[in-house]
Amino acid sequence: MTTPQNAALPPTRLPEGKMPELRVMPAPADANVYGDVFGGWIMAQVDIAGSLPATRRANGRVATIAVNSFLFKQPVFVGDLLSFYADIVRVGNTSITVNVEVYAERNRLQADVVKVTEAQLTYVATGPDRKPRQVPPLETLIHRD
Ligand SMILES: CC(C)(COP(=O)(O)OP(=O)(O)OC[C@H]1O[C@@H](n2cnc3c(N)ncnc32)[C@H](O)[C@@H]1OP(=O)(O)O)[C@@H](O)C(=O)NCCC(=O)NCCS
């Protein structure tokens with residue numbers, strides 16, 4: 001369904017063959033006084049979504065060290081079903097950088113999909129002392145695919 005908010009946008013689909021890290025629907029408590037969803041709420045969900053592949057790759061705890069970029073390309077509305085896709089784009093000595101893309105299914109899950117947000121965050125693998133630790137070699141991780 002085309003709405004006034006996205007009438008000018010080409011139709012979008014959810015990325016094929018990819019699993020979102022997170023799917024969540026914002027509630028009225030997540031909205032600002034204008035009725036749109038708070039940017040800070042979206043940032044929190046993006047941070048959680050990005051931390052999931054980083055945690056798997058680090059095989060343990062990570063801390064967010066940097067938000068390298070963040071683009072709120074389209075507004076998010078209460079009742080949108082948001083899907084957060086996260087891909088590791090760089091692994092350093094102790095750091096893992098992740099791109100996160102967020103898509104909204106609007107209008108009660110009809111085929112009205114809009115890419116709303118893209119961001120890049122860097123996480124650092126940390127030990128129980130909260131200090132950086134080396135990201136383990138890939139071959140030492142247990143594959144779950
Ligand atoms: C995360 C933390 C343990 C890292 O310790 P640190 O001594 O600052 O880390 P370092 O300077 O050794 O850098 C660690 C890695 O982060 C990278 N890094 C540092 N600053 C960065 C920046 N601005 N952007 C991207 N990467 C950065 C470094 O390049 C390094 O990566 P590499 O080992 O792959 O080369 C520490 O900064 C910290 O505790 N920060 C608070 C984290 C937090 O509370 N986050 C919010 C809640 S999770």
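Me: What makes Asp-47 and Val-100 count as residues that Leu-121 touches?

Reply: Two residues are in contact if their C-beta atoms, placed from the backbone, lie within 7 Å. Leaving out residues up to four places away in sequence, Leu-121 touches Asp-47, Gly-50, Thr-64, Ala-66, Val-67, Asn-68, Val-98 and Val-100. The C-alpha atoms of Leu-121 and Val-100 are separated by 8.0 Å, and the two residues are 21 apart along the chain. Please keep in mind that this is a predicted model, in which local features need pLDDT of at least 70 and side-chain atom pairs count only at pLDDT 80 or more, while totals for chains, interfaces and linings use all residues. Numbering starts from 1 along each chain as its sequence is written.

Me: Why is Leu-121 called buried?

Reply: The cut-off for buried is 20 or more other C-beta atoms within 10 Å of a residue's own (12 or fewer is exposed, in between is partly exposed; C-beta atoms are placed from the backbone). Leu-121 has 24 such atoms within 10 Å, so it is buried. Buried residues make up 26% of the 145 residues in the protein chain.

Me: Where does Leu-121 sit, and what makes that element a strand?

Reply: Leu-121 is in strand E5. Strands are DSSP runs of E with at least two residues, helices are runs of H or I with at least four, and both are numbered from the N terminus.

Me: What about E1 and E3, with how many bridges do they pair?

Reply: E1 and E3 have three bridges, in the antiparallel sense, and Val-24 stands opposite Leu-82 in E3.

Me: Which strands are the edges of the sheet, and what makes them edges?

Reply: The five strands form an open antiparallel sheet in the order E1-E3-E4-E5-E2. Strand E1 (22-24) and strand E2 (62-72) are the edge strands, as each pairs on one side only. From one strand to the next the twist averages 25°. Angles run from 0 to 180 degrees between N-to-C directions, with axes fitted to C-alpha atoms, for helices over the stretch in contact. Helix H1 (residues 39-58) lies across E1, E2, E3, E4 and strand E5 (113-125), at about 130° to E4.

Me: What makes a group of residues a nonpolar core, and which members of the largest one touch the most others?

Reply: Such a core is a set of buried Ala, Val, Leu, Ile, Met, Phe, Trp, Tyr and Cys residues joined through C-beta atoms within 7 Å. The largest one has 26 residues, of which Ile-96, Val-100 and Val-102 touch the most other members. H1, E3, E4 and E5 each give two or more residues to this core, and E5 provides the largest share, eight residues. Beyond its neighbours within four places in sequence, Ile-96 has contacts that include Ala-54, Ile-88 and Tyr-123.

Methods: Pairing = 2+ DSSP bridges.
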